[in-house]
Amino acid sequence: MLLFLMIVGFPALLAYAAFSDLFTMSISNSISIALVAGFFVVAGFLHLPIAAIGWHIGCGLTVLAVTFLLFAMGWIGGVDAKLAAATALWLGFDHLADYGLVAALIGGALTLIILQLRKLPMPRWAIERGWIARLHESDNGIPYGIALAIAGVLVYPETSIWVSAITL
C-alpha cells in the first residue's frame, strides 16, 4: 500500500490538480491537504529521520512564504501557492531549483500558448464547451496549476529519498 501511495498517489494527485485547473480554473484545497497528509504518512512508514522531515517541512514553508508574496502581489493564485508548497514538501530543497525551473519553463510556454490562442476567434464547437470558453476569455488568468503539476511529476522520479525507498 505504501509503495502504491508513493508511486501512484503523488503523481495522481498532481494530475488531478492539473486537470481540475484546466477544466474549472480552480484547484480544491483538498488536493494540497492530501499531498501534505500523504507526505507525513509515507515519511512515517519509511521512518525518515526527524531532520530529513524537518528539512522537507522547511522547504514547503519556504515555498509557501514566497508564493504567498507572489499571491499578495496578484501574480499567482492562492491555490497555486498552496499546490507549489505541498509539492515542494515532497521534493525538498535538493530538488527545489529543478522544480522551479521546470515549472517556470512549462508555465511560460503554457502562458504564451494561451495568450496566442486568445487572439484567435473561437470556433463554434469550442464556444459550446464552457471550459474552453473560460480559457479563451482574456480577463481570466492562466491555469498555472497545470505547469506546477507537470513539473512535480517530472522532477519526482529524481528525488533520491523516495526512489531509494521504492527500490528497497
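Side chains of opposite charge can pair when their charged atoms come close.

Both Glu-128 and Arg-124 are exposed, where exposed stands for over 50% relative accessible area, buried for under 20% and partly exposed for values in between (1.4 Å probe, protein chains only). Glu-128 is assigned to the exposed class because its relative accessibility is 58%. Glu-128 is located in the loop between α6 (124-127) and α7 (130-136); helices are DSSP runs of H or I with at least four residues, numbered from the N terminus. From Glu-128 to Gly-107 the C-alpha to C-alpha distance is 26 Å, at a sequence separation of 21 residues.

## Basis of the model

Residues are numbered from 1 along each chain as its sequence is written, and side-chain values use heavy atoms, with hydrogens and water left out. In this predicted model, local features need pLDDT of at least 70 and side-chain atom pairs count only at pLDDT 80 or more, whereas totals for chains, interfaces and linings use all residues.

## Helix pairs

Two packed helices are described by the angle between their axes and the distance between the axes. Here the axes are lines fitted to C-alpha atoms over the stretch in contact, and angles run from 0 to 180 degrees between N-to-C directions. For helix α2 (residues 29-45) and helix α3 (residues 50-72), the axes come within 11 Å and cross at roughly 165 degrees. Helix α2 is therefore roughly antiparallel to α3; angles over 145 degrees fall in this class, those under 35 count as roughly parallel, 65 to 115 as roughly perpendicular, and the rest as oblique. The crossing of α2 and α3 is right-handed, meaning that the near helix is turned clockwise from the far one by less than a right angle.

Helix α5 (residues 96-118) and α8 have axes that come within 8 Å and cross at roughly 140 degrees. The pair is therefore classed as oblique. The crossing of α5 and α8 is right-handed.

## Cover of helix α8

Helix α8 spans residues 145-155 and is mostly covered, with eight of its 11 residues buried. The buried positions are Gly-145, Ile-146, Ala-147, Leu-148, Ala-149, Ala-151, Gly-152 and Val-155.

## Nonpolar surface patch

Leu-3, Phe-4, Ile-7 and Val-8 make a nonpolar surface patch of about 350 Å². Patch members have over 30% relative accessible area and no salt bridge, and nonpolar side chains (Val, Leu, Ile, Met, Phe, Trp, Tyr) are joined within 5 Å, while like charges are joined within 9 Å. Areas follow the Shrake-Rupley method with a 1.4 Å probe. Val-8 belongs to helix α1 (residues 2-24) and is partly exposed, at a relative accessible area of 35%.

Met-25 lies in the loop between α1 and α2 and has a positive phi, near 60 degrees, in a residue other than glycine. Met-25 counts as partly exposed because its relative accessibility is 24%. His-47, in the loop between α2 and α3, likewise is not a glycine and has a positive phi of about 55 degrees. His-47 is exposed, at 68% relative accessibility.

Ile-50 is part of helix α3 and is exposed, with a relative accessible area of 71%. Its C-alpha atom is separated by 18 Å from that of Thr-62, 12 residues apart along the chain.

Terms used
Helices (H or I, at least four residues) and strands (E, at least two) are DSSP runs, numbered from the N terminus. A salt bridge is a side-chain nitrogen of Lys or Arg within 4 Å of a carboxyl oxygen of Asp or Glu.
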